Amino acid sequence: MSIREERKTEPVEEYYTWTGKARGWLLKHLPADKLLPQDQPSYVASWIYVFGMGAIVSLVFILFSGVVLSLNGPAWYHVSDFGHFVNSVHLWSVELFFITMVVHLWGKYWMAAWRGGRTLTWITGMGAFLVSIVAAFTGYLLQTNFDSQWIAFEGKDALNASGIGAWFNVANLGQIFGFHIVLLPLLVGAVVALHVILVRMHGVVPPIDAAETDAQLSGTDRTEATR
């Protein structure tokens, strides 16, 4: 009996509870070989993905240094040498995060990365960028210096004019603190995690000039594809 015939005779598991259906959906759309692949096509060896990974590593440093800063309060880094160091790590991690993310996004734009049913992957990448801008803005307001106060009141006028100043009051330090250390980091982390999962589900977009008969796309030459 051939392998194909053996697979046809295997019993098909039925899922009748929501947990079982969820497991079935995950096994179908995100099996272990997609979640943690051992091999990747050779076109994944590109600098554009190094910048994408750099953004994720920067985000980890941002979250870790942000936790240390939040545990010590918004004014701690003004009076502590170690606070200055942690705040500098936080600041430069944010700078590196935006640089690597923008390069990654621009590169993927010119690669038309939404091809092949990857539209949601592209949208989540752009969503992570937009939410990160709001997170960075609230972080700037938490500097608790004259610059942040001036920008807060200038921004308050703009937000009031747009009609959202009633629930997003940038002059309220406590509210901005909650947005910056709880809501926005959770949102950024969730969107980035969803983006990575979608990349695993749909795979990395092949080059525009790749032919549909390319061995790496058809999966007929995995050994050659990993070189």
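What share of the contacts in the protein chain with a separation of 6 or more is accounted for by residues 24 or more positions apart? The share is 69%, where contact means heavy atoms within 4.5 Å.

Before selecting anything, note that this is a predicted model, in which local features need pLDDT of at least 70 and side-chain atom pairs count only at pLDDT 80 or more, while totals for chains, interfaces and linings use all residues. Residues are numbered from 1 along each chain as its sequence is written, and side-chain values use heavy atoms, with hydrogens and water left out.

Begin with the protein chain as a cartoon, which shows 11 helices and zero strands; helices (H or I, at least four residues) and strands (E, at least two) are DSSP runs, numbered from the N terminus. Of the 227 residues in the protein chain, 30% are buried, a word that stands for under 20% relative accessible area, with exposed over 50% and partly exposed in between, using a 1.4 Å probe and protein chains only.

Next, select residues 81–110, which are helix 6, together with residues 119–141, which are helix 7: the two pack at an angle of about 155°, with their axes 11 Å apart. Axes here are lines fitted to C-alpha atoms over the stretch in contact, and angles run from 0 to 180 degrees between N-to-C directions. Helix 6 is therefore roughly antiparallel to helix 7, a label given to angles over 145 degrees. To see where they touch, show the side chains of the contact, including Phe97, Met101 and Tyr109 of helix 6 and Trp122, Phe129 and Ile133 of helix 7.

Staying on helix 7, pick Thr121, which counts as buried because its relative accessibility is 10%. Leaving aside neighbours within four places in sequence, Thr121 is in contact with His195, Leu198, Val199 and His202.

Now turn to the largest nonpolar core, which has 23 residues, and select Phe97, Met101, Phe168, Val170 and Ile176, those with the most contacts inside it; such a core is a set of buried Ala, Val, Leu, Ile, Met, Phe, Trp, Tyr and Cys residues joined through side-chain atoms within 4.5 Å. Helix 4 (47–72), helix 6, helix 7, helix 8 (146–162) and helix 9 (173–202) each supply at least two residues of this core, and the largest share, six residues, comes from helix 9.

Finally, apart from this core lies another, of eight residues, so select Val44, Ile48, Val204 and Val205, which are among them.

Key: Angles under 35 degrees count as roughly parallel, over 145 as roughly antiparallel, 65 to 115 as roughly perpendicular and the rest as oblique.
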